[in-house]
Amino acid sequence: MPLEDAIATLSVSVLYYHYFDLSQSDYLNSRLHSINGVFYIMTLLTPIAIILAPRAEALQKQLTFFRPGSGCSLTLATSLGPNVLLSQFLLSENSLQDDYKFYLMISIMMSYFILIIVGGTYLIKLLNVAVSLLLGLLAITIMLYWAADWNDQNATIAALLCFFIITILGFITFMPKSFTIGEVVVISQGSTIFIFDLFISFVRKMLILWVIGIGIILSPILIRLRSIPAIMKDSFWSINFYLGLTILTFGLYLPIFNMLLQRNLILWVVDFVMLSSKRIALIGYWFILVMIAVYIVYWRNSNKKNSRVPAILIRKYFHVLATLIYFPGIYVDYQATYLASAVALALFLLIEYVRIFRIRPFGSWIHNQLQIFIDTRDSGIVILTHIYLLVGCALPLWLCQSTSIPHDMDNASLMYAGVMSLGIGDTFASLVGVTIGRHRWPRTTRTLEGTIGSILSMLILYYSFWQIGGEKFIKVDENWQIITVGFVVTSLTEAFTTQIDNLILPLVLYVQCACGYFS
């Protein structure tokens, strides 16, 4: 079994141990009892994934549209999504809980679908489009039969599963070599539920759909820009892109925003920003940090021949910037941070359009400036690590806003899971590992010293915040055991995973910290 699958198994085992250990609590016991059958079916995902992990690794090496040089982490791929949704279910109440129960079942179905595809190739020894479709139809049929209690929603279940399949095919077709099997499964599960989840803030959803819609509607222009050699490009198609962007934004999306908000979007934004002096000061502070980030990019490119700072530490500067953005942002005004994260993600995606298709006058310049920051895992046409960093820091905050727990009390450890794992743990793991690391973990470049540095840095900072915030960060002293174990599991995942850790680590820490809410 690959080591990263072993660590993923450890993470899941620790999580389930906490659930069974805490099941004596009436709060948790009643919720687990309400999904008793679903929960036990979910626990079978990990042992099945362990059995099929070698086959999944072989498939990833055979299929050229997956990222080379990385493991597939089938165990993580099939367990992470359901465990996140299980946490959301347990943290929710009333109708919100019913919806998360439904999405949990869908996520489990998606994971079993992947296992059926991988397991089917054991018998057929071949994976092609026809075989995939037949196995997919078989998987959907089995899952719809299993979901007999949801007869009134069979059409929705089938639609979600089909959208999940289409999303996977879309990612690996249009962004080849950008994902592993594990990453594309996690992202496709999240994308599917994001589109269909009615409890996600419609403003955030519309912002992301705005960028996706631009890519789809303007795809003929983008494809034309991609097909023309750079030396032959003129400004005609770039002008068409900006013209189409303007028409779609102000002619289609802005009226939709106005209709949903039942008021003018621009006035709504002004009122939102001007709500308090703290919010205005926070946005000004963020603007200064963004300017610092732009300067770091410019300075690094201007001095790349003379700089002795390793590229990996330069990239961690952005983790530090994310820490400086999210820690005060969540503490001072989590609602502004929530919305600002969605705006930033939409802008990142739009800038990536401009870079990929070299849209004049900024495309080539942005591409050249970012080349020095490219990670070895950015082997496809899309540079995703900076987008993953933003999403990783924001995801726990977004998830918290979709639960029933108080937003200003017991969920602080959950909201900070992203910035704690990436801005603190991952950064110190790299810093300590590069500077004093001597003992390497088996079959990885990560070091034991780096992992210890990651664990200690998160514990020290968490303890410091506990001294300041008290019950806002930790409900009772017994939580320290769960939080500490969560930090250890997250740091071990960082040490052994070959997936994009900016995406994986926040979710791993989130589901571990969620257990602390029930103690």
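Is K177 buried, exposed or partly exposed? In this predicted model, K177 is partly exposed, with a relative accessible area of 35%. The residue belongs to the loop between α8 (154-174) and α9 (181-196). Its backbone has a positive phi of about 65°, although K177 is not a glycine.

R443 also has a positive phi, of about 55°, and is not a glycine either. R443 is placed in the loop between α19 (417-436) and α20 (448-469). With a relative accessible area of 74%, R443 is exposed.

A further backbone feature concerns a proline. The peptide bond from R360 to P361 is cis, with omega near 0°. P361 sits in the loop between α15 (311-356) and α16 (363-370).

Helix α4 covers residues 45-62. Its 18 residues should span 26 Å at 1.5 Å a residue, and the end C-alpha atoms are 24 Å apart, which agrees. L52 is one of the buried residues of α4. Others in that buried set include L45, T46, A49, A53 and A56, along with R55, E57 and Q60.

R279 belongs to helix α14 (residues 277-302). Although an arginine, R279 counts as buried because its relative accessibility is 3%, under the 20% limit. R279 lies over the face of F272, at 4.0 Å from the ring centre. Leaving aside residues up to four places away in sequence, R279 touches F272, V273, D333, Q335 and A336.

The count of aromatic pairs comes to nine. The rings of F65 and F66 have centres 5.1 Å apart and planes at 65°, so this pair is edge-to-face. The planes are over the 60 degrees needed for that class, and the centres lie within 6.5 Å. F65 is partly exposed at 29% relative accessibility, whereas F66 is buried at 8%.

A search of the whole structure finds zero disulfides.

| Residue | Relative accessibility | Class |
|---|---|---|
| C72 | 0% | buried |
| C393 | 1% | buried |
| R279 | 3% | buried |
| F66 | 8% | buried |
| F65 | 29% | partly exposed |
| K177 | 35% | partly exposed |
| R443 | 74% | exposed |

Technical notes:
Residues numbered from 1 in each chain as written. Predicted model: local features only at pLDDT ≥ 70, side-chain atom pairs only at ≥ 80, totals over all residues. Heavy atoms only, no water. Phe/Tyr/Trp six-rings, centres within 6.5 Å; stacked < 30°, edge-to-face > 60°. Buried < 20%, exposed > 50% of the residue type's maximum accessible area, 1.4 Å probe, protein only. Lys NZ or Arg CZ within 6 Å of the ring centre and 35° of its normal. Disulfide = S-S within 2.5 Å. Helix = DSSP H or I, 4+ residues; strand = E, 2+ residues; numbered from the N terminus. Contact = heavy atoms within 4.5 Å. Expected span 1.5 Å × (residues − 1).
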